[in-house]
Amino acid sequence: MSQATANSPIRIAVLTSGGDAQGMNAAVRAVVRTALTRGADVFVIFEGYQGMIDGGDGIRQFHWDDVGAILGKGGTVIGTFRSQEFRERPGRLKAAHNLIKLGIDRLIVIGGDGSLSGLDVFREEWPGLVDDLKRDGQITAEQAIAHPVLMIAGLVGSIDNDLVGTDSTIGADSSLHRIVDAIDAIASTAASHQRSFVVEVMGRHCGYLPLMAAVAGGCDYVLIPEDPPAPGWEEDMCAQLRRGREAGRRESIVVVAEGACDREGKPITSVYVRDTIARINKEDARVTILGHVQRGGQPSAFDRWASTWLGYAAAEQLLNATPDSPGMVLGMRGAEVVRLPLMDAVRATRRVPALIEEGKYDEAMSLRSAGFTEMTQIFEELAHPDRVEVPDDSPRIAILHAGGLAPGMNTATRAAVRLGIARGFKMLGVRNGFNGLLRNEVEELAWEDVEGWTGEGGADLGLRRDVPPMSDYYAISRALEENRIDGLLVIGGWNAYIAAYQIQSEAERYPGFRIPVVCIPASIDNNLPGSDQAIGADTALNEIVDDIDRIKQSGAATTRCFVIETMGRQCGYLALMGGLAGGAERIYLNEDGITLDQLNQDVQWLRHSFENGRRLFVAVRSEMASEAYTSDFLERLFDGESHGLYDVRMNIIGHVQQGGAPSPADRLLATRMASHGLSVLQDELAAREPKSWFIGLRNSEISARPLAHMQEQVDLGHRRPRHQWWMKLRPVAAAVNSEPDE
């Protein structure tokens with residue numbers, strides 16, 4: 001092991017501790033490569049804190065290729081261990097000695113609240129540990145002077161998603177994928193036998209996984225720690241299951257958190273729930289305990305790019321740290337990396353279980369994210385609606401799809417229909433977009449009409465990309481009047497927004513247009529104004545990352561360069577995020593353009609890399625990155641300059657990006673968007689002069705902006721927003737995917 005000298009670069013170390021979580025490897029990879037890109041030395045500590053105590057091969061210096069194949073792996077390849085020895089001062093003294101011997105005084109820990117608490121104790125004790133080591137002659141006075149403090153950063157790896165102050169922790173999204181996939185599979189067999197299932201998921205003190213899985217899986221009932229059911233819940237649950245069957249549902253699914261209790265603190269087990277259903281409803285019920293499958297498997301696209309961003313940010317923070325820098329924990333809040341005082345965050349996180357135990361459930365809920373609280377209310381509306389039918393004279397809300405297809409459109413429609421009915425609206429569906437409205441293809445949608453739509457891909461209402469010409473405005477206005485439509489919910493992409501904007505701007509001329517319109521963003525391109533994320537983009541991104549994984553695997557036995565083309569038109573979201581999450585060495589975007597000088601540099605770098613042993617290279621290109629330098633051109637250019645070092649293949653991923661079942665994140669986003677859109681329409685229907693709006697997710701909150709001002713926020717020529725938050729991840733991709741020239 002190399003020793004530190006007075007002229008050594010900055011040295012940092014990283015370890016994983018506590019329970020494993022998908023995405024930990026992506027974070028480790030990002031820490032290592034970011035530090036190397038910045039000229040630092042990086043050490044990886046194996047088996048958590050125990051490796052730091054044991055020293056030797058437990059602490060190893062890492063280089064670029066040492067993390068080359070771990071981005072898409074589950075678990076943690078550097079191991080994790082719940083070290084009892086580190087809980088005692090003698091163990092921490094050994095750990096400090098082993099770090100100082102290697103010149104390391106900057107440490108990143110990826111783990112849960114227990115691991116981060118241990119990190120804070122280690123930091124607090126460090127000066128005293130250094131003094132003891134110097135006094136005992138284990139380190140020199142020079143070493144003690146060189147390493148007076150320990151600079152730290154924490155990342156939360158926890159599938160429970162329980163860190164207070166953030167929206168998501170490393171592993172939570174992947175775990176939700178596992179659970180929702182299981183619920184989707186269980187639903188089909190349950191429906192075949194008209195059977196009830198009780199699904200137990202992890203969540204000892206946090207109900208995130210069971211609650212979100214229940215919403216995303218279209219389940220009937222959920223039991224979570226933060227919101228225990230009221231006395232008599234057994235009868236209520238069974239009545240809800242019976243109502244579902246009476247409405248035509250063939251299966252019933254109840255989701256139970258492993259830490260669920262009633263309001264007296266008595267545990268509610270999945271077996272008890274099963275027996276209760278059998279006793280009251282007189283039907284056979286089955287239990288499925290998902291267990292550790294929730295921790296396993298490959299990380300989702302989100303857990304790859306978000307964990308990469310977090311690892312990059314943590315490395316940057318430590319590289320810029322000073323002895324006076326406070327210990328921070330980094331997490332995701334909306335589309336931002338946030339930094340929280342480490343122990344403040346840990347104390348707040350530990351406060352939630354204490355509040356639950358004290359019966360202070362409202363306080364416990366208040367510490368959860370806004371999305372968690374909102375989803376609790378939405379699920380309550382769906383599970384316990386005030387009504388499932390409405391009078392004929394109720395306000396009439398129509399749902400219409402337009403633009404390109406996006407996975408999650410059906411989810412949004414189901415949520416809008418059922419929440420709309422529960423709130424007293426008559427819900428209508430318009431078939432085939434604005435063209436269908438012209439042809440009077442409008443029908444009432446009842447509660448049971450959208451049964452099973454939560455996890456279905458496609459758009460059962462149909463859609464069209466066309467923006468209606470002005471010559472159709474009169475007919476559209478008449479159709480709105482004849483169908484007595486009081487408000488319009490438009491779920492779609494760019495052309496949907498343009499059409500809605502033009503219609504509201506013509507309200508003075510056409511009486512039928514004098515109704516409130518709300519646009520909900522649904523586009524895999526993620527190119528709509530006012531929203532960090534559009535419905536469908538996460539599903540498409542997961543498809544792209546899965547395809548990149550398979551394409552790379554196909555070339556693993558040879559030396560090969562791949563040029564992979566994604567959708568996105570003139571918005572590079574899918575290309576950049578797919579390339580970042582898929583580990584692409586080069587990413588070409590319309591926002592940046594492609595130049596001949598750049599391609600010349602890339603060809604030279606590519607040839608040099610293969611001459612030095614590289615076996616695989618991936619370039620991801622957005623479909624309209626350049627009119628001149630197409631994907632076919634790049635394939636022929638790279639092949640022509642290969643000189644036999646490698647061969648080249650091109651892959652255009654195509655329309656599979658629009659297909660398939662929506663991801664859990666898209667199902668949840670669609671449900672939140674539909675709920676908020678209905679709330680906006682409800683307010684506007686009560687207004688003297690109703691306005692039209694487009695809604696979106698910004699800073700973790702759903703908010704609305706006036707449709708009349710939409711053009712101020714968009715680049716019409718390029719069909720994308722003026723501000724695109726994800727562009728700030730370009731330096732991250734460059735730091736972790738593109739090895740610096742030697």
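Guide: Let's start with Phe122 and Trp126, which are both buried. Bear in mind that this is a predicted model.

Visitor: How many aromatic pairs does a search of the whole structure find?

Guide: It turns up 19 of them. In one, the ring centres of Phe122 and Trp126 are 5.6 Å apart, with the planes at 75°.

Visitor: What makes Phe122 and Trp126 an edge-to-face pair?

Guide: Centres within 6.5 Å make a pair, and planes over 60 degrees apart make it edge-to-face. With 5.6 Å and 75°, Phe122 and Trp126 pass on both counts, so edge-to-face it is. They also sit four residues apart in helix α4 (residues 113-135), which means about one helical turn separates them.

Visitor: And why is the pair of Trp305 and Trp725 called tilted?

Guide: Their centres are 5.9 Å apart and their planes are at 40°. Stacked needs under 30 degrees and edge-to-face needs over 60, so this pair ends up as tilted. Trp305 is in helix α10 (residues 301-319), while Trp725 is in the loop between β24 (720-721) and α23 (730-737), so the pair ties together parts 420 residues apart in sequence.

Visitor: How do you know whether Trp305 is buried or exposed?

Guide: Buried means under 20% relative accessible area. Trp305 has 5%, so it counts as buried. Trp725, at 7%, is buried as well. Both belong to one aromatic cluster, along with Phe302, Trp309, Tyr573 and Trp726.

Visitor: What makes Arg586 a charge over the ring of Trp605?

Guide: CZ of Arg has to be within 6 Å of the ring centre and within 35 degrees of the ring normal. Arg586 lies over the face of Trp605, at 4.2 Å from the ring centre. Lys266 does likewise with Tyr272, its charged end sitting 5.8 Å from the centre of the ring.

Visitor: What makes the phi of Gln194 stand out?

Guide: Gln194 is not a glycine, yet its phi is positive, at about 50°. His643, also not a glycine, has a positive phi near 50°.

Visitor: How do you know whether His643 is buried or exposed?

Guide: Exposed means over 50%, and His643 has 57%, so it is exposed. Gln194 has 44%, which means partly exposed.

Technical notes. Residues numbered from 1 in each chain as written. Predicted model: local features only at pLDDT ≥ 70, side-chain atom pairs only at ≥ 80, totals over all residues. Heavy atoms only, no water. Buried < 20%, exposed > 50% of the residue type's maximum accessible area, 1.4 Å probe, protein only. Phe/Tyr/Trp six-rings, centres within 6.5 Å; stacked < 30°, edge-to-face > 60°. Helix = DSSP H or I, 4+ residues; strand = E, 2+ residues; numbered from the N terminus.
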